[in-house]
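Let us walk through this structure from its overall build to its local details. Keep the sequence at hand and follow along.

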Amino acid sequence: MQQRAYGDTGVSLSIIGFGGIVVMGAEQAEADRRVAEAIDRGINYFDVAPSYGDAEERLGPALEGKRDGVFLACKTGKRDKEGAAAELRESLRKLRTDRFDLYQLHAVSSVAEAEACLAPGGALEAFAEAREAGLVRHLGFSAHDADAAVLLMERFAFDSLLFPFNWVTFHEGAFGPQVLEKAKERGVARLALKGMARRPWPEGADRSGVQNTWY
């Protein structure tokens, strides 16, 4: 498995990551098998979120005994300090770990949401305190709005962003170039999601054998 540098942190990450949603709804034995296979194949980036059903509860036990060999990223959908801090603690408990390698704002979808995170009493205050306390190593965000992503990078020193850098939307919709440019300017590491997505599943499509993905 090839790896790439995670910014200038000295950390190298596999170019394919393990999205925790793939163990959502799985039996624990199956979740254990999927995680073990991914690690055996060289994947060291694992990403999960509270909104992925029971994925945290499945991933935590599956990573026991393997935690030090992976880069574990988690997210919060909360936009206020108190809510983000509480969700962080709960995720640590479910994942049976004492720290996250990366903690992220999850799915920031508007400038208004970004402003809420940045405001006094916003989620980023909890992020900074968690890093100071050693509960997280790096801070980031995922976004589905280019303006929000640019604003967040302008206003806070994030280590990385997770963004839909997708071939079609990048070249046909001009969705992504401005985010990439700002990330390079600010020295923010780039993590790509939905890079191979073509479109949402049409209503009524045959999805046999396909689980836990809307595209």
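A residue is called buried under 20% relative accessible area, exposed over 50%, and partly exposed in between, using a 1.4 Å probe and protein chains only. This is a predicted model: local features need pLDDT of at least 70, side-chain atom pairs count only at pLDDT 80 or more, and totals for chains, interfaces and linings use all residues. Residues are numbered from 1 along each chain as its sequence is written, and side-chain values use heavy atoms, with hydrogens and water left out.

Start with the whole chain. The protein chain holds 8 helices and 9 strands. Helices (H or I, at least four residues) and strands (E, at least two) are DSSP runs, numbered from the N terminus. Along the principal axes, the C-alpha atoms fill a box of roughly 45 × 45 × 35 Å. The radius of gyration is 17 Å, which agrees with the value near 17 Å for a compact globule of 215 residues. That radius is taken over C-alpha atoms, and the globule rule is 2.2 Å times the number of residues to the power 0.38.

How much of the chain is buried? Buried residues make up 43% of the 215 residues. Accessible areas come from the Shrake-Rupley method with a 1.4 Å probe; for residues, only the protein chains shown count as cover.

M1, I15 and I16 make a nonpolar patch of about 280 Å². Patches are made of residues with over 30% relative accessible area and no salt bridge; like charges are joined within 9 Å, and nonpolar side chains (Val, Leu, Ile, Met, Phe, Trp, Tyr) within 5 Å. M1 sits in the segment before β1 (3-5). Its relative accessible area is 44%, so M1 is partly exposed.

Turn next to the charges. The whole structure has 20 salt bridges. A salt bridge is a side-chain nitrogen of Lys or Arg within 4 Å of a carboxyl oxygen of Asp or Glu. One network of salt bridges links E30, R33, R34, E37 and R41. R33 is partly exposed at 43%, and E37 at 33%.

Another bridge spans a longer stretch of sequence. D159 and R131 meet in a salt bridge at 3.7 Å, N to O. D159 lies in the loop between α6 (146-155) and β8 (160-163) and R131 in helix α5 (residues 123-132), so the pair ties together parts that are 28 residues apart in sequence. D159 is partly exposed at 22% relative accessible area, and R131 at 33%.

Go inside now. In helix α4 (residues 111-118), A114, C117 and L118 are buried. They cover an arc of only 95° around the axis, which puts them on the same side of α4. The arc is that of the directions from the helix axis to the C-beta atoms. What do the buried residues of α4 pack against? Their partners are β6 (100-108), α5 and α6.

Helix α6 also holds M153. M153 is buried, with a relative accessible area of 1%. Leaving aside neighbours within four places in sequence, M153 is in contact with F141, L161, V179, K182, A183, R186 and V188. M153 and R186 are 33 residues apart in sequence, yet their C-alpha atoms are 7.1 Å apart in space.

Finish with the backbone. Most residues other than glycine have a negative phi. A107 is not a glycine, but has a positive phi of about 55°. A107 lies in strand β6 and is partly exposed at 23% relative accessibility. N212, not a glycine either, has a positive phi of about 60°. N212 is placed in the segment after β9 (189-192). At 26% relative accessibility, N212 is partly exposed.

How values were computed. Contact = heavy atoms within 4.5 Å.
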